[in-house]
Amino acid sequence: MTKPVSFTLDGQPVAASPGETIWEVARRVGVAIPHLCHRPEPGYRADGNCRACVVEVEGERTLSASCVRMPKDGMVVHTASARAEKSRGMVFEMLGLEAPLPPAGEGGAQRSWEGEGGAMAYGARPSPRPSPASGRGGTDIDLSHPAIAVDLSRCIQCGLCVRACREVQGNDVIGMAFRGRDERIVFDFADPMGASTCVGCGECVQACPTDALMEKTLAAGIEPDRSVDSLCPYCGVGCQVIYHIADERIVAVDGRDGPANHNRLCVKGRFGMDYVHHPHRLTVPLVRKDGVSKRADDVIDPANPWTHFREASWDEALDLAAGGLRRIRDAHGGAALAGFGSAKGSNEEAFLFQKLVRTGFGTNNVDHCTRLCHASSVAALIETIGSGAVTAPFIECLNSDVIVVIGSNPTVNHPVAATYIKNAVRCGAKLVVMDPRGTALARYATHMLRFRPGTDVALLNALMHVIVTEGLYDRDYVAARTEGFDALAVHLADYAPERMAPICGIDADTLRQVARLYGGAKAALIFWGMGISQHTHGTDNARCLISLALLCGQIGRPGAGLHPLRGQNNVQGASDAGLIPMVYPDYRPVEDAEVRRFYEELWGQPLDPRNGLTVVEIMHAAIAGRIKGMYIMGENPAMSDPDLSHAREGFAALEHLVVQDLFLTETAFHADVVLPASAFPEKTGTFTNTDRRVQLARQALQPPGAARQDWWIIQEIGRRLGQDWGYGGVADIYREMRRCMPSLQGIGWERLQREGAVTYPCEAEDAPGREIIFGDGFPTPSGRGKFVPAAFLPPNESPDAAFPLVLTTGRLLEHWHTGAMTRRAAALNAIEPEPACHLSPRRLDALGITAGAKIRVSTRRGSIALTARVDPRLPDELIFIPFCFAEAAANLLTNPALDPFGKIPEFKYCAARVEAVA
């Protein structure tokens, strides 16, 4: 072990740890040294170019930049000598002349200009500057980006924005150009920021010390009056954030140094929070007007719900909502009711909602959007390794030498997680990307396998064939930790790369190279997304990935594991909390009599012994008349379900529908009662990210008007259905969760308030959570991982002469899920305002269509009109449509055929036709 370095700092003996700079030692012992080009945050290297942090070292001719200088034994350092002070003063004086300092309190940055040791201490004086929002300032002002204001008159060329963009986020948009006095930061090839390839993550804004780059909201002169630590409400990464609030409105968002994001954010997390203030917010309960019938194709203006609804008091709305549900339950039994909970709500809300359906309705017909994203992944994981959770956090990729990303586009769907994959590649990891679509990660990849859509099993079996036949698998691990290897080996004999190449479209040599790369890895981590799970063979896809990892012993070690990237911010937590029709909280089967008896004693009443229906099955039952009433909280299945015409017919057919949401969504169009709920920044609760990390969100705002907390609304419905509930808040609900969820045993409410985030499993209140699991075995009956062979099967439907193309769907970087939130965020909607169908250049040429033209896309279920967009990364036979645009809802086209195990629809593959619209 390297010994500490002993030296003298301002007359005091100090010790530096290995790799610690003089600046870091000074900061640790409480000595303030100013800094501009240095950002002492995770991911940033010191640069030493601004000379604001210089110190004097006895015996040396020149001053040293303390941010990059390592101390040596016996060194004597003076941080405030006359020589060092004079040098710093000159630095700040010259910078102040070149780039006038913002007045105290103006803007959002200035982290190093003010305070102890800052510019003000050296005689630099603030001077007024033209506000970027005013449009004054000449060529230095760039307002072309919807969210970020650029004022290069403030730029001191510290290089922080370049490092933020290139080295932290891995986007390579910002650079330094030109020479001498003309040197300046540029975006791409000196483009306006709004016309560049900037993805709007805002890392440069958070890093800039002078407000040369800043949020447009703050550039307009708005000053936050308070800040609240919380979480981001979008994807499963679980970024920690700081909401900056002025006059009870969120005006800016910064990233916090949370364990998942270490200050990083994406465009949604940084610039997508103003949806909570949108004028479409529901602020009073609504009741459908007498005589206004429901139609499957009804469209209501969310700004004018009064065409179909009238305002009601909370007592009237709750009585009508619960009364309709009670009437159906008493007349037809609990099986005639169903509930959809939310993966965007808190763990406490999910737990209370599933409890309401099971106790108040008397049925297990409760589900949420995990059925539409990772149900097949969870089914395969539970079957093979006994747990549906990830085995290692995504940041473990920094310890991997091989990373596999398949069926996932993390730069779009999980942008902060993607930054760590890019960082790992820069540090030497080999990246293999497998996806029919080309992705932004392709330029980092050692291998980019653009295989034919729907042939995942053929591809993965070919890789495993090579690993087995060439003896690349971990024999000791397979013998000690797995079962079923012999059957798998026999099965793989038919999947030689030469036989699979014509099926999957990847040549045999490449398949062998990738297999050898993975088989020879010291630590390999597999990421997958809905490109794996949203197929009728989605469970088989996941089985293959799990077998691949088990073969090579790549589970339970640093840098190794299986990570299905969770979609919504709390899809992991909602699943853990029991928002699934066949399991209670912590995945305990409802058909297990002993488990059911435990919950009957806990909740004080008998429970339904049968598995409930899943999302798509519930909609079939609604059309058939078997499901007569529903309660939907925070979900929009009239946009997210497959074959939407069929789903909307189901909602219109219901006798009674209660919807609890922020906006009058497409689902709420069909409601009898609409209950105004609380948005993410308006609630306190716990959320579990894709890493199994339970995190506490803190309320920053009050709900608008008469809107109420979601847990309170659920409780009031429960009381009217005969449940004697008296929860005083989310802490009470969480404590009940801990009574029936062993996964939370070491994570008390008080601990979360104190620490903010704890990963499960966690054995005790004073123990750290275990981020990497299954190194000592699996929670299966045998304690071993199980190989489950999967045979290649084609997708449910195939292209033909009438429908010659393949349609796949997904998300955009700027929009989340069905767009209910992000399309009401001003900057996000400005960047991506309208629906488009992505086609390859050759497909556009073959169709005689130009980019920007109107086209019609049809499948065997319907058609939509939208704009054509050229996408060079798409193969010619594949088209892509995001499903967030209500005016061209992609799920009117998608196939409702289900995976037989995960009961998930085949969103990623259906036959389609494209035509020009006159």
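Q: Which residues of helix H21 (residues 615–624) are buried?
A: In this predicted model, a residue counts as buried when its relative accessible area is under 20%. Within helix H21, the residues that are buried are Val-615, Val-616, Ile-618, Met-619, Ala-621 and Ala-622.

Q: What covers the buried residues of H21?
A: The cover includes one helix, H23 (644–653), together with several strands. Among those strands are S16 (337–340), S17 (366–367), S26 (629–633), S38 (895–898) and S39 (905–906).

Q: How many residues does the largest nonpolar core have?
A: Tyr-631, Leu-675, Ile-717 and Ile-747 are the residues with the most contacts inside this core. Tyr-631 touches, among others, Phe-340, Phe-353, Val-658 and Ile-717. A second, separate core, which includes Ala-380 and Ile-546, has 55 residues, whereas the largest nonpolar core has 58 residues.

Q: Are helices H12 and H14 roughly parallel or roughly perpendicular to each other?
A: Helix H12 (residues 456–469) packs against helix H14 (residues 485–492) with the axes 9 Å apart and at an angle of about 110°. Angles of 65 to 115 degrees count as roughly perpendicular, and therefore H12 and H14 are roughly perpendicular.

Q: Which residues of H14 make the contact with H12?
A: H12 passes H14 in a left-handed crossing. On the H12 side, the contact is made by Asn-461, Met-464, His-465 and Val-468, and on the H14 side by Phe-485, Ala-489, His-491 and Leu-492.

Definitions and conventions
Residues numbered from 1 in each chain as written. Predicted model: local features only at pLDDT ≥ 70, side-chain atom pairs only at ≥ 80, totals over all residues. Heavy atoms only, no water. Core = buried A, V, L, I, M, F, W, Y, C linked by side-chain atoms within 4.5 Å. Buried < 20%, exposed > 50% of the residue type's maximum accessible area, 1.4 Å probe, protein only. Contact = heavy atoms within 4.5 Å. Helix = DSSP H or I, 4+ residues; strand = E, 2+ residues; numbered from the N terminus. Axes fitted to C-alpha atoms, helices over the stretch in contact; angles between N-to-C directions. Parallel < 35°, antiparallel > 145°, perpendicular 65-115°, else oblique. Left-handed = near helix turned anticlockwise from the far one by under 90°. Lists of a residue's contacts leave out its neighbours within four places in sequence.
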